[in-house]
Amino acid sequence: LPVAMGLVVLNRKRTSQAYYATDPAFSWLAMADDLVWRSRATLHPIRDLPSTGRSSVERVRAAYASASKFASSIYVPQSPSKTHKEHDAESLPELAYLTCDILSYARSTIRAVSVGSRFPQVAAFWTVLTDRMDAGVKYSRLAAINEIIDHGLLIKERDMNETGVDLWVIDGASVQNSFYIVDRRFLSIAHADASRFRGVGRVTTHRPVIDRYRKKFDGLIAMATPGRIVVSQLRSS
């Protein structure tokens with residue numbers, strides 16, 4: 001259950017399995033945010049979500065906040081992303097939380113390409129990403145137009161105008177798989193055809209592979225359309 005909640009991540013080693021706690025500053029907040037988003041629609045910042053008006057939900061939010069404060073006081077950081085040159089994820093939740101782990105170490109840039117199925121752990125991603133953007137990290141994202149439509153124009157306008165996401169729109173057919181590049185230190189790849197690889201994705205610190213995907217990102221963004229133009233045209237139509 002803690003793994004499913006995002007509080008604990010599985011770390012596979014050659015002959016054994018180990019579990020480590022995710023950063024409570026992000027994990028408990030993500031659970032609280034997800035709880036609010038399931039209760040009401042809001043465009044408020046993720047760290048300033050309004051009351052849901054439901055006493056049962058607000059009691060759980062208060063409990064999460066209390067747990068986060070206590071867990072943060074005893075938390076000892078551990079990261080499989082830093083201990084392995086390559087780390088294969090056996091499931092999408094595992095890949096999602098490994099990706100959130102590397103995102104938390106961003107110091108200058110995060111580059112993302114997102115097509116096809118999205119991770120269900122939206123709150124976990126957004127909690128880490130907004131923290132890094134607040135710290136001055138530039139977040140550039142390439143997405144297919146269906147994501148703009150699915151999320152909604154108001155949300156994408158908020159992301160670009162208030163949160164600072166550098167959004168670009170590409171033809172989804174031109175991209176084989178989704179990936180995140182953190183500075184020049186980390187890469188998370190979701191395998192387009194998991195049957196050909198071990199697991200559903202991989203997190204790596206192997207520099208030649210990272211540089212290859214940076215070149216791929218640069219090639220894609222050269223063909224992309226700025227998100228503001230696409231959102232404006234969609235709103236007009």
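1. Contact here means heavy atoms within 4.5 Å, and in that sense Leu153, Leu154, Lys156, Glu157, Met160 and Asn161 in H8 meet Gly227, Arg228, Val231, Leu234 and Arg235 in H10. By class, this contact of H8 with H10 has five nonpolar, two polar and four charged residues, where Ala, Val, Leu, Ile, Met, Phe, Trp, Tyr, Cys and Pro count as nonpolar, Asp, Glu, Lys and Arg as charged, and the others, Gly among them, as polar.

2. The model is a predicted one, in which local features need pLDDT of at least 70 and side-chain atom pairs count only at pLDDT 80 or more, while totals for chains, interfaces and linings use all residues. Residues are numbered from 1 along each chain as its sequence is written, and side-chain values use heavy atoms, with hydrogens and water left out.

3. Helix H8 (residues 153-163) and helix H10 (residues 227-236) pack at an angle of about 150°, their axes 11 Å apart; helices (H or I, at least four residues) and strands (E, at least two) are DSSP runs, numbered from the N terminus. Axes are lines fitted to C-alpha atoms, for helices over the stretch in contact, and angles run from 0 to 180 degrees between N-to-C directions. H8 and H10 are therefore roughly antiparallel to each other, given that angles under 35 degrees count as roughly parallel, over 145 as roughly antiparallel, 65 to 115 as roughly perpendicular and the rest as oblique.

4. The axes of H2 and H6 come within 8 Å and cross at roughly 120°, which makes H2 oblique to H6. From H2, Phe26, Leu29, Ala30, Asp33, Asp34 and Trp37 meet Val122, Ala123, Ala124, Trp126, Thr127, Val128 and Asp131 of H6, and this contact has nine nonpolar, one polar and three charged residues.

5. The axes of H5 and H6 come within 9 Å and cross at roughly 10°, so H5 and H6 are roughly parallel to each other. Here Ala96, Tyr97, Thr99, Cys100 and Leu103 in H5 meet Ala124, Phe125, Val128, Leu129 and Arg132 in H6.

6. The second largest pocket has a volume of about 560 Å³, and of the 31 residues that line it, the closest to its centre are Gly6, Ser27, Ala30, Tyr97 and Ala124. On a 1 Å grid over the protein atoms alone, a pocket is an open set of points where a 1.4 Å probe fits, with protein on both sides within 12 Å along at least five of seven lines, and lining residues have an atom within 4 Å of a point. Grid points are joined across faces, edges and corners, and a volume is the space filled by probe spheres set on the points.

7. H2 gives the most to this pocket's lining, with seven residues.
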